[in-house]
Amino acid sequence: MPVPFLDLKAQYRSIKHEIDPAMQDVIDSCAFALGPAVERFEKAFAEYCGSKHCIAVGNGTSAIELILMAHGIGQGDEVITVANSFFASAEAISLVGATPVLVDCSEDDALIDTTKIEAAITQKTKAILPVHLYGQCADMDVITILAKKHKLLVIEDACQAHGSGYKGKRAGNIGDAAAFSFYPGKNLGAYGEGGGITTNDDAITKKIRMLRDHGMAEKYKHAVVGRNERLDGIQGAVLDVKLKHLEAWNTARRTHAALYQALLKNNPNVTLFQTHPDRIHNYHLFVVRVKNRDAVQTKLKDKGIQTGIHYPIPIHLQEAYAGIWNTGDFPVAEKLAPELLSLPMFAELTEEQVREVCENLKHLS
Ligand SMILES: *Cc1c(COP(=O)(O)O)cnc(C)c1O
């Protein structure tokens, strides 16, 4: 039985009757950049996250950059993030001229190791950027206490955490501001590029609204040098339709994850990551550890089962950052990288498909 890693076509088929007219409305109105559909989505997404504001932007990386810019973080400043994330978590820090300072992850949950954050704080540190990796929130209580003690901002990289929760709060409403990505493969994905920022801060919201539109407060009056990070009207319409389904899709993902966990927990070939009972995981990715990962991935591929690797090379060992860090600097991230395997995960996955994947992980040699 073939099992795709992700099936965007299945999702589109299920909502085509809502998506097509919503996109056509934008085309009929010709409100192609920002506009009413984007404003509608911003309101709905802010409400969903429990945040006062949402500012829709071009993509998740720019969302992080705009948050940093709006807080005046740049040259000479340091921002702490984690070694085992998608490259963009650190890249966004570099792109505003600041210095990413990496911290290792914990072996049991792959999230930032909060016991190692304080040692990374210097006089130059301005913010902590925890990543809710794979869709599980980082330990935000510990991070918030550290941030208060050292007067630092907390910026959530919630690019994988649409609808995730932490102790009764939604991701996006835990730190000072949060960045979301609406890249097509995310739990809430546009039909192209998209991103969003949530915050409860009125002044920062005003700044980001200016920054995303060439620093304009009024038409052709540029108060600051900004960027062009406007979300497309069509993407606003798509996201507004899809947001209404997000809870149901996340619930389906959690059902699949529970079955994976039940079927894999006694499999000696597979190590599961810990999921914390005080958090709501959205299972953006279902990642396990296996020895001989590349051989296992090939074996599954030969059976028609597609998998992914998130991520094969930790940030500190990327060529783009050559000369800054060394092998051995973040031993847990380095230990995990060659063992990580992301199993098929999307709402429309069937129970039979989950069983098929687990069956094929039984006899590895
Ligand atoms: C997807 C992602 C980003 C970047 O989002 P884009 O929309 O691709 O720019 C940043 N951080 C994490 C953790 C991500 O998964």
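**Note on the ligand site and local geometry**

1. An oxygen atom of the ligand lies 2.6 Å from an N or O atom in the side chain of Ser181; a polar contact is a pair of N or O atoms within 3.5 Å. The protein covers 92% of the 380 Å² of accessible area that the ligand has on its own (Shrake-Rupley method, 1.4 Å probe).

2. This is a predicted model: local features need pLDDT of at least 70, side-chain atom pairs count only at pLDDT 80 or more, and totals for chains, interfaces and linings use all residues. Residues are numbered from 1 along each chain as its sequence is written, and side-chain values use heavy atoms, with hydrogens and water left out.

3. A polar side-chain atom of Gln160 is 2.8 Å from an oxygen atom of the ligand. For Lys186 the distance is 2.9 Å.

4. The ligand is surrounded by 13 residues, each with a heavy atom within 4 Å of it. Gly60, Thr61, Gln160, Ser181 and Lys186 are the closest. By class, the shell has four nonpolar, seven polar and two charged residues; Gly counts as polar, and Asp, Glu, Lys and Arg as charged. Helix H3 (60-70) and helix H4 (88-95) each supply at least two shell residues; helices are DSSP runs of H or I with at least four residues, strands runs of E with at least two.

5. The structure holds 12 aromatic pairs, with ring centres within 6.5 Å. In one of them, Phe45 and Phe182 have ring centres 5.4 Å apart and planes at 90 degrees, so the pair is edge-to-face (over 60 degrees). This pair links distant parts of the chain, 137 residues apart. Phe45 is in helix H2 (residues 36-49), Phe182 in the loop between strand S8 (177-181) and strand S9 (195-199).

6. Two backbone points deserve a look. A cis peptide bond joins His310 and Tyr311, with omega about 10 degrees. Tyr311 is in the loop between helix H8 (293-302) and helix H9 (331-336). Ala110 has a positive phi, near 65 degrees. Its loop runs between strand S3 (99-103) and strand S4 (125-128).

How values were computed:
A polar contact is a pair of N or O atoms within 3.5 Å; within protein, one must be able to donate a hydrogen and the other to accept it, and residues adjacent in sequence count only if both atoms are side-chain atoms. Rings of Phe, Tyr and Trp (its six-membered ring) pair if their centres lie within 6.5 Å; planes under 30 degrees apart count as stacked, over 60 as edge-to-face and the rest as tilted.
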